[in-house]
Amino acid sequence: MKKIALIPARYPATRFPGKLMQMLGGKSVIWNTYQSTLNTGLFDEVAVVCDSQIIFDEITNNGGKAIMSKAEHECGTDRIAEALDQFADADIVVNVQGDEPFTQKEPLEKLLQVFEGEEGAPVQVASLMQELKDTASIADPNYVKVAVDKKMNALFFSRSVIPYPRDKEVATVYYEHIGIYAFRRQTLIDFTQMPMSPLEAAEKIECLRYLENGIRMKMVVTEYMGVEIDTPEDLVKAERLLSIK
C-alpha cells in the first residue's frame, strides 16, 4: 500500500490568527509539523496543502513540498481531498493537522497498522486519541472528547464532557481526540460528497460527518501527550515542552 501524509494548513484562525507561522524553537509551527511528519519515515510522500502564499513559500523555500488549494474549504479534510488528484496511486492518506508540531512516529505507525491484514480490511477511517486526566481540560470545550465502544470504534465526539459523570462512583475514562486521521482513498473522496451534517455544524467537529452517515471510525489510543497549537497559551506550553526534550 502506498501511504502519503497531507497536512492541511489554513492561514486564518479564529482563536489564534496566523498561528501556523508562529515561531517555535526557531522554526515556524507549520515547518515543525512538516519536518516531524517527514522524519517519521512512514510515508512515500508528505505535502502541505495550504490556502496562503505565506505558508506555501515557508514550506517550498525550506525545501519542502506544498500545494495551493482553494481558500473556502470548510475543514481540513475537504482541503486535502482537493489535492488528492496529484497522488493518483495513494492507497492510505493520513491527515496530519498543521498545528501538530510534535507529531511522532509511534502513534502514526499504530494508526497505519489498523488497516493491515484481514482484521484491518473493514476499516475505512481511523484516528488517534489519548487519555485525558486533567479536570480543567476535560471541561474545556477546546479539547474535543470522544466516547468509544468496546471495539474502540467512536460513538460520539463532543466539546462537552462525555461521558457525563452522573454517577460519581463509576470510574470514568475520558479520551481527547487528536485530530490526526487516516483514510482509505475512496473514503476520503466520499467524505467530500457528503454535505456538512447537523451535529458537525453544531459542534464544529468534522469527523462527526462520518458518524452521522453511518461510517465507523476506528480509534487508536496513544500516549502522544504533545501540544496542539490552538491558542497563544498553547504556544507557551509547546515552548516549555520543547525546552525539556
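By class, 13 nonpolar, 8 polar and 13 charged residues make up the lining of the largest pocket, where Ala, Val, Leu, Ile, Met, Phe, Trp, Tyr, Cys and Pro count as nonpolar, Asp, Glu, Lys and Arg as charged, and the others, Gly among them, as polar. Before you select anything, note that this is a predicted model, in which local features need pLDDT of at least 70 and side-chain atom pairs count only at pLDDT 80 or more, while totals for chains, interfaces and linings use all residues. Residues are numbered from 1 along each chain as its sequence is written, and side-chain values use heavy atoms, with hydrogens and water left out.

**Stop one: the largest pocket.** Select Arg15, Gln97, Arg159, Lys204 and Glu206, which are the closest to the centre of the largest pocket among the 34 residues that line it. Its volume is about 1,200 Å³, a volume being the space filled by probe spheres set on grid points that are joined across faces, edges and corners. On a 1 Å grid over the protein atoms alone, a pocket is an open set of points with protein on both sides within 12 Å along at least five of seven lines, a cavity is a set of points where a 1.4 Å probe fits but cannot get out, and lining residues have an atom within 4 Å of a point. Now colour strand E10 (175–184), which gives the most to this lining, with 5 residues; helices (H or I, at least four residues) and strands (E, at least two) are DSSP runs, numbered from the N terminus.

**Stop two: the second largest pocket.** Move on to Ser137, Tyr143, Glu176, Gly226 and Lys237, the closest to the centre of the second largest pocket among its 20 lining residues. This pocket holds about 470 Å³ of space, and its lining divides into 5 nonpolar, 5 polar and 10 charged residues.

**Stop three: the cavity.** Next select Thr103, Gln104, Pro107, Leu128, Ile178, Ile180 and Tyr224, which line the largest cavity, a space of about 30 Å³.

If you centre the view on Ile55 and leave aside its neighbours within four places in sequence, you will find Ile55 in contact (heavy atoms within 4.5 Å) with residues including Ala9, Leu20, Ile30 and Val48.

**Stop five: the salt bridges.** Finally, show Asp89 and Lys2, whose side chains meet in a salt bridge (3.1 Å, N to O), the term standing for a side-chain nitrogen of Lys or Arg within 4 Å of a carboxyl oxygen of Asp or Glu. This pair links distant parts of the chain, 87 residues apart. Asp89 is partly exposed, at 47% relative accessible area, whereas Lys2 counts as buried at 19%. To end, select Glu200 and Arg209, which form a salt bridge with their closest N and O atoms 2.9 Å apart; Glu200 is buried at 4% relative accessibility, and Arg209 is buried at 3%.

Key
Buried < 20%, exposed > 50% of the residue type's maximum accessible area, 1.4 Å probe, protein only.
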